[in-house]
Amino acid sequence: MWEQKHCLLLPEDLKNFFLTCNGFHLTWCVTMENNTVPVGNMELCSISQLVLLDAAVDDGSHLTPSLWDLDGDKDKNGRKLPSFVTSKIFQLDQCQGYGKVCLVYDEVTPKGDDDVDPDNENDFKFPSDYTTEIWFLDRSLRWHFICPTFQAYYRLMLMHLGLPHWQLAFTDIGLPPTSLQWFNLYAPVRLEIDLMGDVTKSSHTAGKGMASSPLDLNKVFKGKSDRKKPGAAQNMASGTNVSKKRQPISSARSAAVAGKHVTASVSQPNVKSK
């Protein structure tokens, strides 16, 4: 129904996702000083909420500005930016108000209205003539590329644990100070990868070439080990004293045999007296 309504084909990975579950929303919290603090938020809209953003018109002027005035050709990496006029943009995640994660359809070979022959039945746009990418639209209506496929975005969302403002790591805005603190606490390796600017590496492959700080277990458990040492010393001392005071214990069989010999020696003089 969605594909028929918009005359577009969903990407294969996104279609498989919607066949498995109709949307996704996961949140997690931490407890600090007996207070519950919400931290992570991972959300993907359902198929019914995958709506087309309002397109702009290309007849704006200095008197009636529109989103068409914000269209740019390419970003700093030479990648073509989505267009508010020609691109078809669908919202995947509202990002709690600080931006939008969008599924962007761009034409492979764009055709203007003047190039289309209405009498030619073969001169129309097929759904396969579009390419899809995942972009982030910030509140200043600037575009930032995240990844080429939905599957890559889903993996990035899981690797970032849904930490606050994690999409801003792929922009020139950068992460806020509070988000940096959460990253240093729960995802330090992922933060280092994002700061390097190579988002194509996974946390597993990129972690091999990074210098990891060694963990000194003696310093971590120093307080606990020091508290346990006096008690252990006292137990060892008391154990040695007890062992010194104890007399050697003979076996039950030897004690029984010794008892028989004693009774026999005592009974013999009585027999002789009679």
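The dialogue below goes from the whole chain to single residues.

Q: What kind of model is this?
A: The model is predicted.

Q: How many helices and strands does the protein chain have?
A: The protein chain has 9 helices and 6 strands. Of its 274 residues, 29% are buried. Among contacts with a separation of 6 or more, 52% are between residues 24 or more positions apart.

Q: Where is Gln 91, and is this residue buried or exposed?
A: Gln 91 is in strand β3, which covers residues 88-93. Burial is read from relative accessible area, and under 20% counts as buried. Gln 91 has a relative accessible area of 10%, so this residue is buried.

Q: What does the side chain of Gln 91 join in a polar contact?
A: The side chains of Gln 91 and Lys 100 are joined by a polar contact of 2.7 Å.

Q: Which residues is Gln 91 in contact with, leaving aside neighbours within four places in sequence?
A: With those neighbours left aside, Gln 91 is in contact with Cys 45, Gln 49, Leu 50, Val 51 and Leu 53, and also with Lys 100, Val 101 and Cys 102.

Q: How many disulfides does the structure hold?
A: A disulfide is a covalent bond between the sulfur atoms of two cysteines. The structure holds 0 disulfides. Cys 45 is in no disulfide, and the nearest cysteine sulfur, that of Cys 102, is 9.9 Å away. The cut-off for a disulfide is a pair of cysteine sulfur atoms within 2.5 Å.

Q: Where is Ser 83, and what does its side chain reach?
A: Ser 83 is in the loop between β2 (35-44) and β3. With a relative accessible area of 11%, Ser 83 is buried. The side chain of Ser 83 reaches the backbone nitrogen of Val 85 at 3.1 Å. The backbone nitrogen of Thr 86 is reached by the side chain of Ser 83 at 3.3 Å.

Q: At what angle do helix α4 and helix α5 pack?
A: Helix α4 (residues 177-186) and helix α5 (residues 188-196) pack at an angle of about 125°, and their axes are 6 Å apart. Angles of 65 to 115 degrees count as roughly perpendicular and those over 145 as roughly antiparallel. The pair α4 and α5 is therefore oblique.

Q: Which residues meet where α4 and α5 pack?
A: From α4, Leu 180, Phe 183, Asn 184 and Tyr 186 meet Pro 188, Leu 191 and Asp 194 from α5. By class, this contact of α4 with α5 has 5 nonpolar, 1 polar and 1 charged residues.

Q: What is found in the loop between α4 and α5?
A: Ala 187 is found in that loop. At 7% relative accessibility, Ala 187 counts as buried. Leaving aside neighbours within four places in sequence, Ala 187 is in contact with Leu 161, Leu 163 and Trp 182. Ala 187 and Leu 161 are 26 residues apart in sequence and 7.8 Å apart in space, C-alpha to C-alpha.

Q: How far apart are Leu 9 and Tyr 105 in sequence and in space?
A: Leu 9 and Tyr 105 are 96 residues apart in sequence, and their C-alpha atoms are 9.9 Å apart in space. Leu 9 is in the loop between α1 (2-6) and α2 (12-20). At 44% relative accessibility, Leu 9 counts as partly exposed.

Definitions and conventions: Residues numbered from 1 in each chain as written. Predicted model: local features only at pLDDT ≥ 70, side-chain atom pairs only at ≥ 80, totals over all residues. Heavy atoms only, no water. Helix = DSSP H or I, 4+ residues; strand = E, 2+ residues; numbered from the N terminus. Buried < 20%, exposed > 50% of the residue type's maximum accessible area, 1.4 Å probe, protein only. Polar contact = N/O pair within 3.5 Å; in protein donor to acceptor, adjacent residues only side chain to side chain. Contact = heavy atoms within 4.5 Å. Axes fitted to C-alpha atoms, helices over the stretch in contact; angles between N-to-C directions. Parallel < 35°, antiparallel > 145°, perpendicular 65-115°, else oblique. Nonpolar A, V, L, I, M, F, W, Y, C, P; charged D, E, K, R; others polar.
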